Each structure stands twice: as C-alpha cells, then as structure tokens.
Amino acid sequence: MASYALMDCDIHLDGPIHIRWGTTTTRETLQIAAHSAAAIDLNTDLLLGNQYYTLAGPCTEMCLLETAAQAIKDTASGRELISGAASSKGVVKDRTTGMEARMMGEAISAAGMDIQEANAVLDNLVSLYERNFSRPPVGKRFQDCYDITSVTPSKEYLKVYEKAISTLNKCGLDI
C-alpha cells in the first residue's frame, strides 16, 4: 500500500501463501486474498493481480480445480486475472502449461455472481480437492502433456480439462 500512497503506482500484486502447504489455493488463503482484494478494489483505482500456486501438477483435475477456485475468487472480489498459474507450487521444473491459464479464463464465468453464490461454488469446489493436500497428484511435465512442436495440449490433457469443466458445472459455475 506504500507504493500506492507514496509513488502513485498503478498495479498491486499479492497472494497469501499457506504456511503449511505452500500454495495459494487453500480455503484460508482464498479467504484472505478475497477480503484484501475487495478492500483494495473498493478504495483504490489499482489493477489487482494475484499469484497462483497450485499444489497439484499439470495434467491433473486437481490442478485445474485449484486454478479455477482462485480465479473464481479473484473475479468475485474485484481482481483482474493478469498472470498465469504456477503448478506444483511453482517450484518444480517444467510443471506449468497454458491449460492452467485457459482455466483461469473459464472461471470468468463467475463475473456477476453475488458473493453468497460465489462462496457456495467455492465451498463445493474447495471441498473436492482439499482432502488431497497431503498427497497431491504430481501430474506431468510440460513436454509430457503437450506436443512441443505445435505447443498444443495432449488428448489426455484435453480429457482432464473437460472433466474439470464438468466438475465446475456440478459445483454451480455455469461454463
């Protein structure tokens, strides 16, 4: 906030990271980020960004659901979706793909939802993946779930993506 007050900045980027899990997609970190975003959005004209660190790796439904949860929360609380997601907590080589960013775009379906409706979707969604925090799926390296020549997702990853979209619809997000 000092940058805003002292230097007239135009963008604010933050993202609480869970002390135990090292991710931004836990119930607690989503709540903290939503409250801070709503307050900053209400009281400034800043563009708001957030860091996305999923626990699960790419080419897993959990990774896509974690990404969607954070993007739903960001959309509902006044944040702009201005960066991609770093799967596997952003610390494992070759574990980020464009499918996570694509899922962020799908989650814009939360635009216009009232807070209670968004919270109900998030409660359903987070309950599906938080039970896997102690053993998250590792997923696949970029080159194992993408055609690296054409830079397109594999058929397997597209199936995982479609399953995640179906799950989101069942949780109350109309995609």
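Visitor: Where does Thr25 lie?

Guide: Residues are numbered from 1 along each chain as its sequence is written, and this is a predicted model in which local features need pLDDT of at least 70, side-chain atom pairs count only at pLDDT 80 or more, and totals for chains, interfaces and linings use all residues. Side-chain values use heavy atoms, leaving out hydrogens and water. Helices (H or I, at least four residues) and strands (E, at least two) are DSSP runs, numbered from the N terminus. Thr25 lies in the loop between β1 and α2.

Visitor: Is Thr25 buried or exposed?

Guide: Buried means under 20% relative accessible area, exposed over 50%, and partly exposed in between (1.4 Å probe, protein chains only). At a relative accessible area of 1%, Thr25 is buried.

Visitor: Which side chains form polar contacts with that of Thr25?

Guide: A polar contact is a pair of N or O atoms within 3.5 Å; within protein, one must be able to donate a hydrogen and the other to accept it, and residues adjacent in sequence count only if both atoms are side-chain atoms. The side chain of Thr25 has such a contact of 3.0 Å with that of Thr23 and another of 2.5 Å with that of Glu66.

Visitor: Which residues of α2 are buried?

Guide: They are Thr29, Leu30, Ala33, Ala34, Ala37 and Ile40. Seen down the axis of α2, these buried residues fall within an arc of 145 degrees (taken from the directions from the helix axis to the C-beta atoms), so they line one face of the helix. On the other side of α2, His35, Leu42 and Asn43 are exposed.
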